[in-house]
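The following note sets out a few points for a reader who has the sequence and the structure at hand. Please consult the display while reading each point.

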Amino acid sequence: MTLVKDDSGRESEDDKGDMPGGGDAYVPSQRRLDRERYKRARARRATAIAALSTLITAVVLYVVVVSAPGWERTKETFFDAHYAREALPKVLEGLWLNVRLLLICGVLVLVLGMLIAIARTLPGPVFFPLRALAAAYTDFFRGLPLIINLMIVVFGVPALRLQGVTVDPVWLGGTALTLTYSAYVAEVFRAGIESVHPSQRAAARSLGLTNRQALRHVVLPQAVRRQVPPLLNDLVSLQKDTGLVSIGGAVDAVRAADIIAQRSLNYTPYIVAGLVFVALTIPMTRFTDWVTARMDRRRAQGGAI
Amino acid sequence: MSDVPVLRMESVRKTFGDSVVLRDVDLEVAPHTVTALIGASGSGKSTLLRCANLLEEIDDGAIWLDGEEITDPRVDQDAVRRRIGVVFQAYNLFPHMTVLENITLAPRRVHGVSREEAEQRGRELLERLGLGGKAGEYPDRLSGGQQQRVAIVRALAVRPRLLLLDEVTAALDPELVGEVLNVVRDLKEDGMTMVLATHEMGFARDVADQVCFLDSGVVLERGTAEQVFGDPQRERTQRFLRRIVEAGRL
């Protein structure tokens, strides 16, 4: 066989084209220098405007809040340093429960969501009941407010007095969270599966792969990769909703704050708990942004189809 | 044995909704021959190939592969597809896999070949098609011509009985067309049975043992390349070829 062998030269040539002034005796022209000077001046101006407008906004907000007639009372009730110090260790202790709930529920949600999404895309009449069940599940739990779901599971299940079924509000609350979030995540996965172009499946099937093999090796890996940003978004959301298990009496960060607030009639612990949750979600949100940006960059380079 | 055509179609009919895409199509492809399907866009060339690979279900008629009717609903379609290789116009490589993973997927998962063996054969094929250094690259790092050659290797890796090529150069820049057509030419020399839909008339005349001119889902004219290109009988074929010549494509 005599075949084409022309690949070696092409790419290195292309690379060189992008390097500004690589190797040769390049001297930037006056035109380029002018352009860059103008851009620098414009950037300085933009920074100055941003700083000024931030300052004005801050001052206005401060004046509006502090001059409010109820400010003094509000400050005492919501921003009391003494109660903040008392609440913080208890809230952090409670937060450990939220973190554990997030880890366990997060894993369960991803697994269950994936199974439901796959069930919804199974072809053939045999799987009709499974498809219908999965569709009904997502419809129901996406529509049911989480708080009502929690109350039904946390208060309803113990009322049944079933043998061997836990009445622990943590387990029951976790179950409710998993039920609701699996429905959300299943829809994210399903959207991902459907976003993979049919030609990919056709290529896989034309190689003799069965439907299941095509799904496993070709469709799902691409679907999951594409859905990483929305999935992380749902996990951030789950992270803060773990605070809702407190309605069943589980002592998490919210409940810990609640206990002190009830006793002292001061709401500062709630502010502390709120800030702790924000602090916990920020790294995750930033991570989500970073992953999204990275994937966008890949696409912009003509990467993933 | 060699009398049995690799692919045979009889009175194949395929519709999408109201439009009839294939009408009463008969086709016979003898072993170790190349059949070129020519005709305007939308004349049914691609659909014919997709039907041959059971990616589309035909409405009427029958298709045989090596004498076995594959349009029988009791036939295992996956087993049929295993014996037919397809190369698509848009390559359809798997973007999340390296070149080598693209190529070894089917041998390993479908044919139960060990990883070492699959990779060795994959590397050999890549080497033969001038892609020796690209095994570890992802498809989006390759030029169109390179991607299309990888797609050909992927189809060949399962040692198919029949290779279907669906306008494999249509998405390529003119200077990359040649490298892909050379591969097809070499495959013919190796005795691969192929059916190709193409707009490259010069290439079709050069390489095809049988040329079929499709017009609105009907095989209007068929014969050797000399007959169809040199002495077309039907008025429509003449008109089609005249337009091609005027466009400087023949």
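1. Chain B of this predicted model has a mean pLDDT of 91, and 98% of its residues reach a value of 70 or more. For the complex, the predictor gives an ipTM of 0.86 together with a pTM of 0.78.

2. In chain B, six strands form an open sheet with mixed pairing. Their order is β6-β7-β8-β3-β9-β10. The edge strands of chain B are β6, residues 84-87, and β10, residues 218-223; each of them pairs on one side only. On average, neighbouring strands of this sheet are turned by 20 degrees against each other, with direction ignored.

3. Strand β9(B), residues 210-215, runs antiparallel to β10(B), and five bridges join the two. Within this pairing, C212(B) stands opposite R222(B) of β10(B).

4. Two packed helices are described by the angle between their axes and by the distance between those axes. Helix α3(B), residues 99-109, packs against helix α4(B), residues 115-128, at an angle of about 130 degrees, and their axes are 9 Å apart. Because of this angle, α3(B) is oblique to α4(B). The crossing of α3(B) past α4(B) is right-handed.

5. Which residues meet where α3(B) and α4(B) are in contact? From α3(B) come L100(B), I103(B), T104(B), P107(B) and R108(B); they meet R115(B), A118(B), E119(B) and G122(B) of α4(B). The residues of this contact comprise four nonpolar, two polar and three charged.

How values were computed
Residues numbered from 1 in each chain as written. Chains lettered and ligands numbered in written order. Predicted model: local features only at pLDDT ≥ 70, side-chain atom pairs only at ≥ 80, totals over all residues. Pairing = 2+ DSSP bridges. Helix = DSSP H or I, 4+ residues; strand = E, 2+ residues; numbered from the N terminus. Axes fitted to C-alpha atoms, helices over the stretch in contact; angles between N-to-C directions. pLDDT = per-residue confidence, 0-100. Parallel < 35°, antiparallel > 145°, perpendicular 65-115°, else oblique. Left-handed = near helix turned anticlockwise from the far one by under 90°. Contact = placed C-beta atoms within 7 Å. Nonpolar A, V, L, I, M, F, W, Y, C, P; charged D, E, K, R; others polar.
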